[in-house]
Amino acid sequence: EKGTYLVNESFVQPKFMWKPAYEAKLATQRRVNVDIEKIDLLEVTRVLDAADVDRRRYPLAHRPCSFVLETRNNVWYLFQARSEEEKAKLVFGLKMTVARLASLLMVRDFVAVEEFFEPVGYRVPGRPIEVDKIL
């Protein structure tokens with residue numbers, strides 16, 4: 001999800017979003033899975049191959065197709081792709097996306113706003129200021 005660059009020069013960070021493939025409570029509660037998980041892109045510290053995944057924690061992980069996102073708070077998210085090739089593309093793409101966003105923000109390059117954020121003022125609460133009424 002793209003971030004939003006606010007008028008006061010702060011911003012809502014872009015996010016990586018996904019829907020869980022399985023939720024144990026869905027069958028017993030008879031509800032539709034509308035939950036969306038998300039983390040800020042700048043929270044991601046590492047994107048790892050799941051070759052060293054703990055089998056006690058993730059017993060059903062298919063290692064050749066799995067990868068892990070690790071956040072600043074040492075929270076791990078395990079993902080599984082359809083194939084090893086798809087996993088390689090996802091891991092590479094996520095690493096490059098996080099690195100590009102972080103580097104553009106560090107050097108204060110306005111390209112970051114164009115690539116990762118909605119246009120200034122877009123979807124921001126409130127109404128635009130009517131300049132002609134102020135002057």
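Reader: Is Phe 67 buried or exposed?

Author: Buried means under 20% relative accessible area, exposed over 50%, and partly exposed in between, with a 1.4 Å probe and protein chains only. Phe 67 has 3% relative accessibility, so Phe 67 counts as buried. This is a predicted model, in which local features need pLDDT of at least 70 and side-chain atom pairs count only at pLDDT 80 or more, while totals for chains, interfaces and linings use all residues. Residues are numbered from 1 along each chain as its sequence is written, and side-chain values use heavy atoms, with hydrogens and water left out.

Reader: With which ring does Phe 67 form an aromatic pair?

Author: Rings of Phe, Tyr and Trp (its six-membered ring) pair if their centres lie within 6.5 Å; planes under 30 degrees apart count as stacked, over 60 as edge-to-face and the rest as tilted. Phe 67 pairs with Phe 79, and the two are stacked, at 5.5 Å centre to centre with 20 degrees between the planes. Helices (H or I, at least four residues) and strands (E, at least two) are DSSP runs, numbered from the N terminus. Phe 67 belongs to strand S6 (residues 66-71) and Phe 79 to strand S7, so the pair ties together parts twelve residues apart in sequence. Phe 79 is buried, with a relative accessible area of 14%.

Reader: How many aromatic pairs are there?

Author: The count comes to five aromatic pairs. One of them joins Trp 18 and Tyr 77 edge-to-face, with 5.2 Å centre to centre and 70 degrees between the planes. Trp 18 is in strand S3 (residues 15-18) and Tyr 77 in strand S7 (residues 76-80), 59 residues apart. Trp 18 is buried at 15%, whereas Tyr 77, at 23% relative accessibility, is partly exposed. Phe 16, Trp 18, Phe 67, Tyr 77 and Phe 79 form one aromatic cluster.

Reader: What about the nonpolar core?

Author: A nonpolar core is a set of buried Ala, Val, Leu, Ile, Met, Phe, Trp, Tyr and Cys residues joined through side-chain atoms within 4.5 Å. The largest one has 15 residues, and those with the most contacts inside it include Phe 67, Phe 79 and Val 44. S5, S6, helix H2 (84-106) and helix H3 (111-116) each supply at least two residues of this core. H2 gives the largest share, five residues. A second, separate core of five residues includes Ala 50, Val 53, Tyr 58 and Ala 61.

Reader: In what order do the strands of the open sheet lie?

Author: Two strands pair if DSSP finds at least two bridges between them. The open sheet has three strands in the order S5-S6-S7, with antiparallel pairing. S5 and S7 are the edge strands, each pairing on one side only. Five bridges join S5 to S6, and Val 44 stands opposite Thr 71 in S6. H2 packs on the sheet and touches S5 and S6, and its direction makes about 20 degrees with that of S6. Such axes are lines fitted to C-alpha atoms, for helices over the stretch in contact, and angles run from 0 to 180 degrees between N-to-C directions.

Reader: Which residues does Glu 43 touch?

Author: Contact means heavy atoms within 4.5 Å. Not counting residues up to four places away in sequence, Glu 43 touches Glu 70, Thr 71, Arg 72 and Asn 73. Glu 43 sits in the loop between strand S4 (37-40) and strand S5 (44-49), and at 16% relative accessibility Glu 43 counts as buried.
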